[in-house]
Structure formats: structure tokens, C-alpha cells
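Work through the exercises below with the sequence and the 3D view open. Try each task before you read its solution.

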Amino acid sequence: MSPVKVFGRAISTNVSRVLVCLEEVGADYELVTVDFLAGEQNSPEHVERNPFGKIPALQDGDLVLFESRAIAKYILRKYKSSKVDLLRESDIREAALVDVWTEVEAHQYYPALSPIVFECIIFPIMRGVPTNQQVVHESLEKLKKVLETYEARLSGSRYLAGDFLSFADLNHFPFTFYFMATPCASLFDAYPHVKAWWEGLMSRPSIKKISANMPTKF
């Protein structure tokens, strides 16, 4: 069986989300470089894979997918085993909790945290513009409220959906990794259960491998 192909670069948050899931399930894959810094995602060849001109895209035989969260779920379903079941779909209650915290990441955590990453890292590097400190300040206030909820949740369970690792946890890796490279990283010190959860994620072999290809200094 040919390995699946992932199109993008590991430094991309959305690509790294997919790669971590592939590593967790132990699947063979090939990372095909599409350099978004050079605009290669807008090439006709790549737009055939992703009509929105974004990365990543995934090819598995004649199946081509885009959108990183959808790709990740496909991977976790295809390679599910008795040892690795990160969606917990065999238990409706556990699956529902995975879904809840996956949605929380997308609609509460990401909107609060990502502007800080964009302002402190992405915009200065890619656009050459200075950090908008007002945006950072407002986002930090939003993030503090989100982390209060996370702290309460993680004080009662090891992971977000329960005492088991799930896609809900892995989903937080890419942007949190870059957040920790900003001047705001010490915010997590105020939330000991969140910090312990994050350090546990960072200790996983899958995340160690993928994050080794992601820059930490800017």
C-alpha cells in the first residue's frame, strides 16, 4: 500500500496538526513540500487539490482531501486500532466529549490565542509589520477567561475529554506551540493544570518529532 501524501510544510500549523495525527497512529506518509512562503499553494497544480489555495491537502490513492481538521479525522478513523482510538467513536458518551472539546478549541481557544501568534510572529515575519500591542492585550484578556475554564476542566481530568488522550487535545498543539515562542508564554504559569496538560502533550513522541521541524526562535 502506498503511503498517503501530505502537501505542505511542517512549519504550518494546519500541516503539523495532520502530521501529529499520522505519527500517533503510526501510518506511513510522505510530506510533499508546498512552500506557502513562496506562494506555491496558489499554483494550478495545488489548487486542483485544494480549491481555496491553502495547505494542507492529503492524497490517499484517488481520494484527495483538504481542511486540516477533516483530514485529521479521516486519518484517525482509517488507522483506528485497539491501541489508538483518538476519536472514541465506539463509545457515544466519550465521542461526544471529544466533539465538545474539539469545538471549544475551534470556537473559543483558537480565536483567543491565535491573534497573539499572528501579531507576535506571523505578521512581523511575513508582512514586515510591527506587533499591534492593543490586539495582543485584548486577546490576552479573552484567553485568560478561556484558560480559567480549561483549568477547571483539567483539575478534574487528565485530558480535556476525560482521562484519555484524544483528538481534542492534539488539536491544541500547533498554535499553542507557537504561542509558547511569544513573549506571552508565561501566562500558562497562572494555570497549573493547563500547564501540566501542555507539558504532557509536548512530551509525546509524535509531538517531539513534528515540533523538531517547527521554529522556536524568531
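The exercises that follow use a predicted model.

**Exercise 1. Rings and charges**

Task: Classify the ring pair F177 and Y178, and decide whether each residue is buried or exposed.

Solution: 
- Step 1. Start with the total. The whole structure holds 10 aromatic pairs.
- Step 2. Take the rings of F177 and Y178. Their centres are 5.5 Å apart and their planes stand at 75°. An angle over 60 degrees counts as edge-to-face, so this pair is edge-to-face.
- Step 3. Now check burial. Buried means under 20% relative accessible area. F177 has 8%, so F177 is buried. Y178 has 7%, so Y178 is buried.
- Step 4. Look for linked pairs. Ring pairs join W101, Y109, Y150 and W197 into a cluster. W197 is also one of the buried residues of α8.
- Step 5. R49 lies over the face of F7, at 3.8 Å from the ring centre. R88 lies over the face of F164, at 4.0 Å from the ring centre.

**Exercise 2. The largest pocket**

Task: Which helix gives the largest share of the lining of the largest pocket?

Solution: 
- Step 1. Note the volume of the largest pocket, about 930 Å³.
- Step 2. Find its lining. There are 31 lining residues, and the closest to the centre are S12, T13, F36, I122 and M126.
- Step 3. List the helices. α1 (13-25), α3 (68-78), α4 (92-126) and α7 each supply at least two lining residues.
- Step 4. Pick the main supplier. α4 gives the largest share, eight residues.
- Step 5. Zoom in on M126, which is found in α4. At 47% relative accessibility, M126 counts as partly exposed. Leaving out residues up to four places away in sequence, M126 touches F36 and L37. L37 is 89 residues from M126 along the chain, yet their C-alpha atoms are separated by 7.8 Å.

**Exercise 3. A buried histidine**

Task: Where is H46, and what does H46 contact?

Solution: 
- Step 1. H46 is in helix α2 (residues 44-47).
- Step 2. Check burial. H46 has 0% relative accessibility, so H46 counts as buried.
- Step 3. Set aside neighbours within four places in sequence. H46 is then in contact with F7, V34, E40, Q41, K54, I55 and A57.
- Step 4. The peptide bond from I55 to P56 is cis, with omega near 10°. P56 lies in the loop between α2 and β3 (57-60).

**Exercise 4. Positive phi**

Task: Where do E67 and R88 lie, and what is the phi of each?

Solution: 
- Step 1. Take E67. E67 sits in the loop between β4 (63-66) and α3. Its phi is positive, about 80°, although E67 is not a glycine.
- Step 2. Take R88. R88 sits in the loop between α3 and α4. Its phi is near 55°, a positive value in a residue other than glycine.
- Step 3. Check accessibility. E67 has 47% and counts as partly exposed. R88 has 21% and counts as partly exposed.

Definitions and conventions
Residues numbered from 1 in each chain as written. Predicted model: local features only at pLDDT ≥ 70, side-chain atom pairs only at ≥ 80, totals over all residues. Heavy atoms only, no water. Buried < 20%, exposed > 50% of the residue type's maximum accessible area, 1.4 Å probe, protein only. Helix = DSSP H or I, 4+ residues; strand = E, 2+ residues; numbered from the N terminus. Phe/Tyr/Trp six-rings, centres within 6.5 Å; stacked < 30°, edge-to-face > 60°. Lys NZ or Arg CZ within 6 Å of the ring centre and 35° of its normal. 1 Å grid on protein atoms, 1.4 Å probe; cavity = no way out; pocket = protein on both sides within 12 Å on 5 of 7 lines; lining within 4 Å. Points joined across faces, edges and corners; volume = space filled by probe spheres on them. Contact = heavy atoms within 4.5 Å.
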